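Please open the model in your viewer and keep the sequence panel beside it. The stops below say what to select next and what is to be found there.

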Amino acid sequence: MRATRTALATAAALAAAVCSSLLIAPSAVATPAKLADDFNGDGYRDFVMLGGTHGKDGRVTVVYGTSTGPGTRVQTIHQDSPGIPGAVEKDDEWGFAATSADLDRDGYADLVVASPGEDVGDIRDRGGLTVVWGAAKGLGSGTVFHSPIAPVNPGQGDGFGRDVVAGDFDGDGDQDLAAVSGSRAGVVLLKGPFTRAGGRAGWQSLGDGYGYLDASQLTAGRVTADAATDLYILGRDLQGDDDLDLRAYFHRGGSDFTRRAGETRVPDDGGHQMGSGPVTTVGDFDKDGYGDLAIGRGYEQPDRERGYVTVQYGGPVGPNTARKPVKFTQDTAGVPGASEDEDFFGAAVSAGDVNGDGYADLAIGAPGEALSGKRRAGMVTVLLGRAGGLSGSGAKAYSQSTSGVAGAVENDDSFGLNLKLTDYTRDGRADLMVDTNEWLDNPRQGLVHMLKGSASGTTGTGSKAYSVISLKLSYTTLSGPFTH
C-alpha cells in the first residue's frame, strides 16, 4: 500500500505485505506489539519514508513518534548501516517498497524493506526482503529473506519484493508477509513467525489458481468479519482473463487463503497515471462490518475519461458483487473542483477515520490540479464515510493554500503525489500525511505535510511539515507509496 521509488512509507495502509527448522519459540514473557509501526515500543506510531540515495542506491528514513505525531528523532537506514546485510550497490532498489509488523512476537514492530533489484551470487534481480528488527532503542540489525521460488531461467531471479504487505493471512495468530514475485507465482506468502536467524514457518504460492498471475500492487486489510487479514491483488491473469483490463483479485484470510475467493474488474483506459502512490485501499466506509475497496484511476489520455475513483463495497465473503461499484470524479455532486485534463484525480488513495465517528473516510490525491494559475500545484480531497457509504456531501479539499499548511501554491509542487491516513497522535482520528515535490533547495527534494484529524475532520490547524531542512533528512522527491 504500496513506501515509489521515493516515498512516504503506508499503514495503511500504511501499507498491507516459509519452511524452516530454525524456528525459535517466542519468549514466554513477550507479547506482540500493539501497533504495527511502533519500532521502539513506546506506544507511538513511527513514520517511515522511502526514497533518497546513499551512494549508489536507496535508503529508508524513520521519524520516531511522539504524543503530537512524528517528532525530531530521525534514523536513516541503508545497506551500509551497521547490522544491515549486504552492501550498497547500483540498482539494488533497496527501499522500493516496505511494510511493518511484529514478525517475531517480541513486542516491537519490525520494518520490512524490499530490494527487488538485488543480485544474489550469480542470480540477477533475485530480490529480497530485509527485516530490520525493532527493540527498545529502535530499529537495529537486519535479516534477509529471499524468494523461495527457484529461478526458471539460469541466472535470472524473480525480482522478489516489487510490493510487500504484512498481516495474519492464514489466521494462526502470527504475522505473515505477502510479496510480489515476477515468477508465475505472482505473489508469495511467507508464513510467520520469523526469527533473526532466518527462520520462518513455511511458504506458499498464491498463483496456483491462475494461468499466469502478473501482480502490481497489494492491499491488506479486514474485509470479512473474521480476525484473519484479507488481501486484494491488483494485476492481471495473463493466461486466464479474456481482456487486458486489470482486476482486483480477492484472497480471504484463513486456512484457504491461497485460493482466489473473488475479483473485481478494473477498467484500464491505457492512459498515463502521474506518480506511483498507492492506488488501492481498504476501509469500512459504511460501517457495516465489512471492508470496502477503493481504487484510484488517476489516468489521463486525450479524448478519454479523466481521473476517477471507484469503490467496491464488501460483504460477508468478500467483494459484494451484487452491489454495483460507485464512481467518484471531480464532477460528482459535492466534490470540490471540476474534472479537467491532467488533474490526475485518483493518483493515490488512502482510507482512515479522520473525525472519529467510526466510519472510514477516503483521501484522494490529485497532484496535477492547477490552482491560482499554478500548473500541477496539487490537491487532496477527503470524502466522508456515512451510513450507506461514501458520497460527495461534506467533501473537503486541501492544498498549500489551506490555512495552517506550510508553503505556498507553486508550479509543479504536486501536492498529493502520495498520501496516507493514520492516527499518529493517538486521539482516535486519522492524520493525513501528504507527499509533495517542492523546491526546498537545489535540486528538488520534497516536503511531507501532516494535517491532523479532528472532530470536524481533517484540518490545517496545527499542521506540521517534514523536510530535509527541519529534520536534516536526505531524501529526494517523495513520489511513491508510503509503507503499507
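The model is a predicted one, in which local features need pLDDT of at least 70 and side-chain atom pairs count only at pLDDT 80 or more, while totals for chains, interfaces and linings use all residues. Residues are numbered from 1 along each chain as its sequence is written, and side-chain values use heavy atoms, with hydrogens and water left out.

A search of the whole structure finds six aromatic pairs, that is, rings of Phe, Tyr and Trp (its six-membered ring) with centres within 6.5 Å, called stacked if the planes are under 30 degrees apart, edge-to-face if over 60 and tilted for the rest. Tyr210 and Tyr249 form one that is edge-to-face, with 5.0 Å centre to centre and 80° between the planes. The pair links distant parts of the chain, 39 residues apart, since Tyr210 is in the loop between β12 (202-205) and β13 (213-221) and Tyr249 is in strand β15 (residues 246-251); strands here are DSSP runs (E, at least two residues), numbered from the N terminus.

**Stop two: along β15**

Now select Tyr232 and Phe250, whose rings form a tilted pair at 5.2 Å centre to centre with 50° between the planes. Tyr232 lies in strand β14 (residues 230-237) and Phe250 in strand β15, so this pair ties together parts that are 18 residues apart in sequence. Both Tyr232 and Phe250 are buried.

**Stop three: Thr224**

Phe250 leads on to Thr224, with which it is in contact (heavy atoms within 4.5 Å); among the other contacts of Thr224, leaving aside its neighbours within four places in sequence, are Arg252, Tyr290 and Pro316. Thr224 is placed in the loop between β13 and β14, and it counts as buried because its relative accessibility is 0%.

**Stop four: an open sheet**

Select the four strands that form an open sheet in the order β18-β19-β21-β24, with antiparallel pairing (two strands pair if DSSP finds at least two bridges between them). Its edge strands, each pairing on one side only, are β18 (280-283) and β24 (326-328). Within the sheet, strand β19 (residues 292-297) pairs with strand β21 (residues 308-312) over five bridges in the antiparallel sense, and Ala294 stands opposite Val311 in β21.

Methods. Buried < 20%, exposed > 50% of the residue type's maximum accessible area, 1.4 Å probe, protein only.
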